[in-house]
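Biologist: Could you take me through how the two chains of this model meet, with the criteria stated as you go?

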2 protein chains.
Amino acid sequence: MALLEDTVAAIGVLDEKAMHAARARQAQLTKPPGSLGRLEEISIQIAGVQGRARPDVSRKAIFVMAGDHGVVAEGVSGFPQDVTCQMLANFAAGGAAINVLARHLGARVIVVDVGAAGDVPASASVIVKKVSRGTRNMAVGPAMTAEEARRSIEAGIEVFADTRPLDLAGAGDMGIGNTTAAAAIIAACTGRPVAEVTGRGTGIDDARLAHKVSVIERALAVNCPDPADALDVLARVGGAEIGAIAGVLLAAAAHRVPVMVDGVISSAGALVAAGLAPRAVPFMIAGHLSVEPGHRAALAHLGLVPVLDLDMRLGEGTGGAIAMHVVEAAVRTLNEMATFSDAGVSGAL
Amino acid sequence: MALLEDTVAAIGVLDEKAMHAARARQAQLTKPPGSLGRLEEISIQIAGVQGRARPDVSRKAIFVMAGDHGVVAEGVSGFPQDVTCQMLANFAAGGAAINVLARHLGARVIVVDVGAAGDVPASASVIVKKVSRGTRNMAVGPAMTAEEARRSIEAGIEVFADTRPLDLAGAGDMGIGNTTAAAAIIAACTGRPVAEVTGRGTGIDDARLAHKVSVIERALAVNCPDPADALDVLARVGGAEIGAIAGVLLAAAAHRVPVMVDGVISSAGALVAAGLAPRAVPFMIAGHLSVEPGHRAALAHLGLVPVLDLDMRLGEGTGGAIAMHVVEAAVRTLNEMATFSDAGVSGAL
């Protein structure tokens, strides 16, 4: 079989025995039952993902996938396409938000050029796995071939495998124009109207937002992506970095590594991953709720509840990175708190 | 003047110049303007609190204030009163949730017995500043004298002063029965109906919740606290640990240290602090939104927007502690990200 199919086939289910043990321990810790709320749920999920009653999230990495989008020719973004490569250099130099947040967290940042239009200097610590030099303009035809779409997913799977061992992973994006592709994927996969799932991206005004909606509607009408075929959706209206994110999410599930989904782009990647392997979803944690309206629709479709809601809309994996602190807090309280009997504390009357 | 009045008099206003400089820097960092959302706002607030365009939150401490409540005689809690002292010993031994979260954060935990009914073993690392051995039953008369209430606030101010220098502080609580006192303070200060601001605390059932509401209504009718006099409210229907939390919040503002408000008990302390010194509020950050219904009412009254919403209801300062990671992320992105010109990244078209 091919790498994609092998990876999908390797995805199992959450370990019920480990989850049961974690749940039982939560009930014995010195706090009113349930009082750590979402932290308790996350700790139990991570136990199930890792198959360990006492999980560990020490080794962390955030995968930042970069690609360009031919649809920028339609004037959908407020930033020039050069910014994708300039930001790749910024990631390599450690100056972007995700670098700062990863340092704060003690996580590695793995930057991958899956489809930038230009080149980053060879000295830069960027992994180059180019599927193409930017996608084609989806407003006039398919953004990628089926083969390019598959290769973008497999790029994510390969990079994940090369980065292991890992205990907690995150996926993020960089790509001028990619909120346009993400909105198209979300509209195609969820069936929601384009206007409902399309946002301002880097900050476009009302007139350009209306234009962006019409461009996405045209792309969907021209390409007719098949919502039952996630690879088809990715190829026709997606992007290479979105495919690579889907690859990271699938690989994480296959290797039983909990994985943070970031904002609207990453959630489009999660829709692609879920379309290929619905069993991957319980291995995911939605880091935050983005300001981008399509994000809420994508998470609802996936059945994921975001950990944070901080009015962010940056991408790069930043929302997932900040939520990793909450995941660490969840795992550490599960592992390190005293039980009622350890501490000699009375239980409920 | 007395310590309380001196502290209130020392509270200034946020430094507009530092905030302006932080805001200007945010606009130059390599990200779409505003895309870090709440993180940008928090970084600017902290700049204003500390009076530094590049703030620092390295030295962190969380103050856990403990006290008992005579109103437990009415059967308002699901846990026995002994748990307050047992948990003090657990804090001292490092086994409680707040200990784990503080270790994760690199923060000190300062535990203060302001009014526990029993005694913790002298070996335990708990600061003893007892105002009383538990308050009196507010359902039949004032919980504290005016002098006890004042001393409880001053205990918080003293402990804060003894713990400095600090760059970021948090306040939390321990005390069986204290959601009853907190709900009474919140009802008195906000004018909301008792039933609307009273919750299940450690997890009581419907029948006991209805009883708890009637006990609080009786306490307010018997004591008639004056909402215009925060010290009077604290004395009549409050608790020593709530006063001590108010003291920490006031001292933090006076010393220009940003301070995290935790859940419903800490927010009752924040209402007392705000009643004594409205200028203290801009120095506060609401860490999270608790499940306790009074919390939302208290934060709305204070005009504070919680950073996290994780369905927590533990107290101890735990919600504030987790939110400190977000505050650190906010400050580090402000300080450490590259600007567009540093990184050679193009701005918006």
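Modeller: Copies are superposed by least squares on the C-alpha atoms of residues with pLDDT of at least 70 in both. This is a predicted model, in which local features need pLDDT of at least 70 and side-chain atom pairs count only at pLDDT 80 or more, while totals for chains, interfaces and linings use all residues. Residues are numbered from 1 along each chain as its sequence is written, and side-chain values use heavy atoms, with hydrogens and water left out.

Biologist: By what turn can chain B be laid on chain A?

Modeller: The superposition has an RMSD of 0.0 Å and a shift of 0.0 Å along the axis, and the turn is 180°. The two copies are thus related as by a two-fold rotation axis. The turn asked for is therefore 180°.

Biologist: What area is buried between chain B and chain A?

Modeller: Buried area is the accessible area (1.4 Å probe) that two parts lose on being put together, summed over both. Carbon and sulfur atoms give 66% of it here, and the total is about 4400 Å².

Biologist: Which residue of chain A forms a salt bridge with B:Glu336?

Modeller: A salt bridge requires a side-chain nitrogen of Lys or Arg within 4 Å of a carboxyl oxygen of Asp or Glu, and two such bridges are counted between chain B and chain A. For B:Glu336 the closest N and O atoms are 3.1 Å apart, and the partner is A:Arg103.

Notes: Chains are lettered from A and ligands numbered from 1 in the order in which they are written.
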